[in-house]
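Q: Could you walk me through this structure step by step? I'd like to start with the ligand and then move on to the rest.

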Amino acid sequence: MSATWRDLGGFGAIGRIVVDLGAMFRVVVLEIDGTVVQELARPSGKFRHQIKDGEQWPHIGDFVVLDGPPGQRRIEAVLPRRTALVRKNPGEAIEAQVLAANIDTVFIMVSLAQPPNAARLERSLALVWDSGAAPVIVLTKQDVCSHLDAYVRAAEETALGVPVLAVSAVTGDGIESLGAWLMPAQTVALMGPSGVGKSTLLNYWLGDDAQRVMAVRTGDHRGRHTTTHRELFRLPNGALVMDIPGIREVGLWAGSAHTVFGDVEQLAEDCRFTDCRHQGEPGCAVAQAIHEGRLDAERLTQYQKLEREHQFIERKRSQRAQSEARQLWKRRSQEAKAQRMEKRQRQ
Ligand SMILES: Nc1nc2c(ncn2[C@@H]2O[C@H](COP(=O)(O)OP(=O)(O)OP(=O)(O)O)[C@@H](O)[C@H]2O)c(=O)[nH]1
Ligand SMILES: [Zn+2]
């Protein structure tokens, strides 16, 4: 007979957060005797006291240490995250928001019903590179696309070295190829805008469990179906999958400086220098507008702050992409070498 924590005089356990309910979490708990249960748990008073910012608060995908008897579990600690998808709120004083923790692979989902938007794809890639997870680009709705080759090529050009796969949940085309990442104990996040097909793909994989997905979807005021709460699902083979709304939807960098600061950008078109940074250059139309009271100086400050943040992330992204490409190249050349050796040995 195997011993439990109860037998040992304690109630400690390790769990993983599968649903974030705000103040409470649904946690899959691994008991010391190997049984697995799902329970609701809240952070203990002591732990809450130690938390200094939102990043330290538990998030979906986190592994947590639990105390208390079954049914009254309390979260005492969050174990260090291997990876974390984090969004920064540019408006507020750079309070980072954790979207999901311990994700191995992110499927960046893009609909083939429209031409791919390179800028948007780059923003998604930046978020994933920064998280420590590996990106895979999944082009959905292949069945309605008549420019498949061109769109795939465009995505590949934007995301050098990142796998790009086209799928259709209607015909099932390409879906099997995603199995390479959906391995037991691997955690995959589906990231993409509303309507790209995240729930459809989840339903496809969950099969008979599809009802579970539907159960968490309710109509909103406009009668449209949207995912109302996020859950880490376990597929029949043991892979773990969750969906994450697109970055526009979660408001990453306020949806790019261009749409939010259209007024500043428009004024800047009249600056004498095309690369004017509006920091005292001669012939600056933005400075002129502030001087004449047509533009609030605070708006320029906000705009520049967002631009700086964006440039920082872009820089980081390209560094990361470079080192990834280098690693990929290294791996490929090692593989090729191994193959050559094997061939020679066989001869
Ligand atoms: N033709 C076609 N339609 C698809 C495909 N995948 C999904 N759809 C349709 O696209 C619509 C949106 O799909 P969802 O799976 O609800 O999209 P979602 O990304 O989960 O959207 P949110 O829950 O709002 O975030 C539905 O009407 C699906 O039937 C596909 O491969 N081909
Ligand atoms: Zn200027």
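A: Helix 4 (198–206) and strand 13 (225–227) each supply at least two residues of the shell around ligand 1, where helices (H or I, at least four residues) and strands (E, at least two) are DSSP runs, numbered from the N terminus. Please keep in mind that this is a predicted model, in which local features need pLDDT of at least 70, side-chain atom pairs count only at pLDDT 80 or more, and totals for chains, interfaces and linings use all residues. Residues are numbered from 1 along each chain as its sequence is written, while chains are lettered from A and ligands numbered from 1 in the order in which they are written.

Q: Which element gives the largest share of the shell around ligand 1?
A: That is helix 4, which contributes three residues.

Q: And which residues come nearest to ligand 1?
A: There are 18 residues around ligand 1, and Ser194, Gly197, Lys198, Ser199 and Thr200 come nearest; a residue is near a molecule or strand if its C-beta atom, placed from the backbone, lies within 6 Å of it.

Q: How do the residues of that shell divide into nonpolar, polar and charged?
A: Five are nonpolar, ten are polar and three are charged, where Ala, Val, Leu, Ile, Met, Phe, Trp, Tyr, Cys and Pro count as nonpolar, Asp, Glu, Lys and Arg as charged, and the others, Gly among them, as polar.

Q: New topic: how many helices and strands does the chain have?
A: The chain has nine helices and 15 strands.

Q: What is the strand order in the open sheet of six strands?
A: The order is 10-9-8-11-15-14, with mixed pairing, and two strands pair if DSSP finds at least two bridges between them. At the edges are strand 10 (164–166) and strand 14 (233–234), each of which pairs on one side only.

Q: What do strands of a sheet pair through?
A: They pair through backbone hydrogen bonds, and the pairing can be either parallel or antiparallel.

Q: Which strands does strand 11 pair with?
A: Strand 11 (residues 187–192) pairs with strand 8 (residues 105–111) in the parallel sense over four bridges, and six bridges join strand 11 to strand 15 (residues 240–245), again running parallel.

Q: How many residues are in the largest nonpolar core?
A: It has 58 residues, and Leu85, Ala100, Phe107, Ile108, Ile137, Leu139 and Ala189 are those with the most contacts inside it; such a core is a set of buried Ala, Val, Leu, Ile, Met, Phe, Trp, Tyr and Cys residues joined through C-beta atoms within 7 Å. This core draws at least three residues from each of domain 1 (13–78) and domain 2 (84–250), with domain bounds that come from an automatic or database domain assignment. A second, separate core of ten residues includes Val264, Ala268, Ala287 and Leu295.

Q: What is Leu85 in contact with?
A: Leaving aside neighbours within four places in sequence, Leu85 is in contact with Leu99, Ala100, Ile103, Leu127, Ser131, Ala133, Ala189 and Ile244, where two residues are in contact if their C-beta atoms, placed from the backbone, lie within 7 Å.

Q: Is Val152 buried, exposed or partly exposed?
A: Val152, which lies in helix 3, counts as partly exposed because 19 other C-beta atoms are within 10 Å. Not counting residues up to four places away in sequence, Val152 touches Leu139, Val164 and Ala166.

Q: And Lys141, where is that found?
A: Lys141 is in the loop between strand 9 (134–140) and helix 3 (148–158). Lys141 has a positive phi near 60 degrees although it is not a glycine, and Lys141 is buried because 21 other C-beta atoms lie within 10 Å.

Methods
Buried ≥ 20, exposed ≤ 12 C-beta atoms within 10 Å, placed from the backbone.
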